Amino acid sequence: MSLEFHQVDAFSDRPFAGNPAAIYRLDHWLDDSLMQQIAVEHNLAETAFVVKEGAAWRIRWFTPTAEVPLCGHATLASAHVLFECYGEPGERIDFIYAQGALAVSREAGRLVLDFPCQQPTPIAVPEGLAEVLGQTPVAVLDAPQLLVLLESEAAVRACCPDLRALAQLPWPAVIITAPGQAVDFVSRNFAPAVGIDEDPVTGSAHCILTPYWAQQLGKSELTAYQGGARGGFLWCRLEEPRVKIAGHAHLVSSGRLHLDR
């Protein structure tokens with residue numbers, strides 16, 4: 001038994017930048033345990049699996065340690081693979097996931113995610129968070145991921161958190177963000193609790209970042225950059241109750257995974 005896969009750098013128009021994801025287009029679902037083992041083998045932030053259901057594609061995402069409820073960059077990568085490697089017709093691909101519907105469209109040379117908006121709520125700074133981050137939070141907001149505002153882009157770039165302590169927080173990931181110099185805002189995303197010390201470019205985090213910065217800056221269209229050692233640019237638009245998150249994608253490898261089962 002062998003399975004074809006494609007690896008894509010999402011939110012990048014060149015190789016070795018953005019966020020890598022391995023994509024499998026399947027005829028039928030594999031056992032959950034096998035999909036998790038495949039994700040471990042690739043050892044990327046995400047491995048995505050898609051299966052055709054009617055006119056749409058059901059999609060699931062796995063880190064090296066767990067299945068996750070939502071992933072932006074691997075959805076962008078999946079659409080790129082379906083369009084460019086398998087010749088999916090049209091300008092839009094509809095996806096189904098456990099909580100509803102997603103879509104990816106081709107617009108002006110970019111792929112555009114249509115994702116749910118996740119409005120964050122201000123909360124008190126959790127005890128010890130400043131020590132864990134090595135930076136003093138300006139504000140902290142609760143959402144599916146913890147959102148932490150820092151004072152500057154330089155503070156975001158300099159942040160070197162205690163990853164073991166971050167993994168003990170009651171959120172699957174921590175986003176740090178600040179106003180940008182060349183873009184509207186910058187961010188980084190740490191998710192050691194789900195096996196990703198730092199995610200280079202996190203589409204799902206921008207479901208939270210977009211409504212926050214749209215309110216702070218008083219505009220609905222925003223430019224963003226996420227990343228540390230490698231990263232990528234995003235173009236975000238708030239269309240409540242949805243957000244549009246656009247970026248490029250670049251195919252870097254294709255191959256077959258051989259299974260002796």
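## A helix and what follows it

Helices here are DSSP runs of H or I with at least four residues, strands are runs of E with at least two, and both are numbered from the N terminus.

Before going on, a word about the model: it is predicted, so local features need pLDDT of at least 70 and side-chain atom pairs count only at pLDDT 80 or more, while totals for chains, interfaces and linings use all residues. Residues are numbered from 1 along each chain as its sequence is written, and side-chain values use heavy atoms, with hydrogens and water left out.

Let's look at His42, which belongs to helix α1 (residues 32–42). His42 has a relative accessible area of 17%, so it counts as buried; buried means under 20%, exposed over 50%, and partly exposed in between, using a 1.4 Å probe and protein chains only. Leaving aside residues up to four places away in sequence, His42 touches Phe5, Ala22, Tyr24 and Thr47, where contact means heavy atoms within 4.5 Å.

An α-helix has 3.6 residues a turn, so residues three or four places apart point the same way.

## Two domains

Now step back to the whole chain. Its domain assignment gives domain 1 (2–116 + 247–258) and domain 2 (121–240); such bounds come from an automatic or database assignment. Taken over C-alpha atoms, the centres of domain 1 and domain 2 are 23 Å apart.

## Where the domains meet

At the meeting place, 20 residues of domain 1 contact 16 residues of domain 2. About 1400 Å² is buried between the two domains, and carbon and sulfur atoms give 57% of that area. Buried area is the accessible area (1.4 Å probe) that two parts lose on being put together, summed over both.

There is one salt bridge between the domains, meaning a side-chain nitrogen of Lys or Arg within 4 Å of a carboxyl oxygen of Asp or Glu. Elements giving two or more residues to the side of domain 1 that touches domain 2 are β2 (19–26) and β8 (110–116). Of these, β8 gives the most to that side, with three residues.
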